[in-house]
Amino acid sequence: MLQIGKVRCDELLKACGSPLYVYDETQIEKKVEDYQTYFKSENFDTEIVYASKAFTCVALLEKLNAYGCSIDVVSGGELSIAKKANFPSENIYFHGNNKLNDEIIMALEYGVKTIIMDNMYEVDQVIHLAEKLKKEVHVLIRVNPKVEAHTHEFIMTATSDSKFGISIDQKDDIKEMIAKVNDSEYVVFDGFHSHIGSQIFEEHAFVAAIDKMIAFIKEMGEPTSVLNIGGGFGVRYTDEDTPIPTKDLCIKLIEAINQSLHTHDVQLDKVCMEPGRSIVGEAGYTLYEVGFTKKTQNKEFIFIDGGMADNIRPALYDAKYACDIANKMDQAKDYTYEVAGKCCESGDIIIHDAKLPKVETNDILVVYTTGAYGYSMASNYNCLNKPAVVFVKDGKARQVVRRETYEDQLALNEEKELQL
Ligand SMILES: *Cc1c(COP(=O)(O)O)cnc(C)c1O
């Protein structure tokens, strides 16, 4: 029987029902400690900003705060979880390419320290609202460095058709943004941000983007204290994925930053990075109970009691996962199965050609590395209830998010006449 954090998977399901998201707290802590220990330099301060869109809940944010991490949020919803966790507002960064007035007001009222401005249009909006509420806020400008990374390769893109950020070539527009901010009473310009993609395995793309950004800072000639190099560090989903260990990655990035600062004769007060997936991805496991198995002409299916509603990534990006039968960890994997969810979509296959021991009804299927973009992208498709989330550590387990109920879903069916 597989144990996670020294807790048996069957006992977790007995206590919390199936399907279930399980996080090994020790794995999260180890990642955070590595980032905090090795992303350090004598030449500038550093800050680890967790990208909370990967997975957020009160218990996780409390833990990250205890470890001295900051977070970024992309919506009023993510901010409201941060508020519920009493996350210190001075350690929150607010991102997004289309922040709503109400969201900016909410951020200013909570005292969010930094807003990352995504485009020209946002400058006036943020200045206006900060003045109206008489709230000071710092800003970074998100620059598209035109280094695009696709997992194992990266390209310097000739055009900039990303929906995020302002192109590194639009220097006059960026200067105008900074001038407007500098003229304003409540908004303070701190520096720049860039983020080049996700699930990236090699440091070369990051190094190229860092060097482009630091050269750009020199060329701009504006007093700049902060550079945020974004996130996107890859994790291991299957044996084909070979991420660089966090320690080595941090050391390489710090080296690259120092080298580039030296080359371009630039000084910075602080460099931030924004890991999301790499902090929670591998620490997360999803447990399912197996229902029926079915043979077709060429395939054998096993049906699980969840699927694309709790993990959309295989259907959305053709993402690959590894799995085991948690109650048959010692058996040879002599069979090949399609692991199919219970949603009404032919594409609801979590894993193709999974090698497993002979599977039977009531077996427990564990899917690995589901900690990032699983729960946070979960839906109520087919009106499935979102699973509970448990944290396990040293033989103890605690529920941190309860399972959704039919009543939760039914509560939204509320009719009323509209006053137009
Ligand atoms: C999504 C995102 C991240 C985190 O990406 P991961 O691949 O989860 O590390 C960091 N910064 C920004 C701006 C993002 O949009």
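**Backbone and ligand notes**

I began at proline 19, which I found in the loop between α1 (9-16) and β3 (20-24); helices (H or I, at least four residues) and strands (E, at least two) are DSSP runs numbered from the N terminus. Serine 18 and proline 19 are joined by a cis peptide bond, with omega about -5 degrees.

A word on the source: this is a predicted model, where local features need pLDDT of at least 70, side-chain atom pairs count only at pLDDT 80 or more, and totals for chains, interfaces and linings use all residues. Residues are numbered from 1 along each chain as its sequence is written, and side-chain values use heavy atoms, with hydrogens and water left out.

Next I checked phi. Aspartate 353 has a positive value near 50 degrees, and its place is in strand β19 (residues 349-356). Most residues other than glycine have a negative phi, and most peptide bonds are trans.

I then looked at a hairpin. Strands β21 (residues 388-393) and β22 (residues 396-401) pair in the antiparallel sense over five bridges; pairing takes at least two DSSP bridges. Valine 389 stands opposite valine 401 in β22. Two residues lie between the strands, and aspartate 394 takes a positive phi near 50 degrees.

For polar contacts (N or O pairs within 3.5 Å), I found a ligand nitrogen 2.7 Å from a side-chain N or O atom of glutamate 274. A ligand oxygen is 2.9 Å from a polar backbone atom of glycine 232, and a backbone N or O atom of arginine 277 lies 2.7 Å from an oxygen of the ligand. The protein covers 93% of the 390 Å² of accessible area (Shrake-Rupley, 1.4 Å probe) that the ligand has on its own.

Conventions
Polar contact = N/O pair within 3.5 Å; in protein donor to acceptor, adjacent residues only side chain to side chain.
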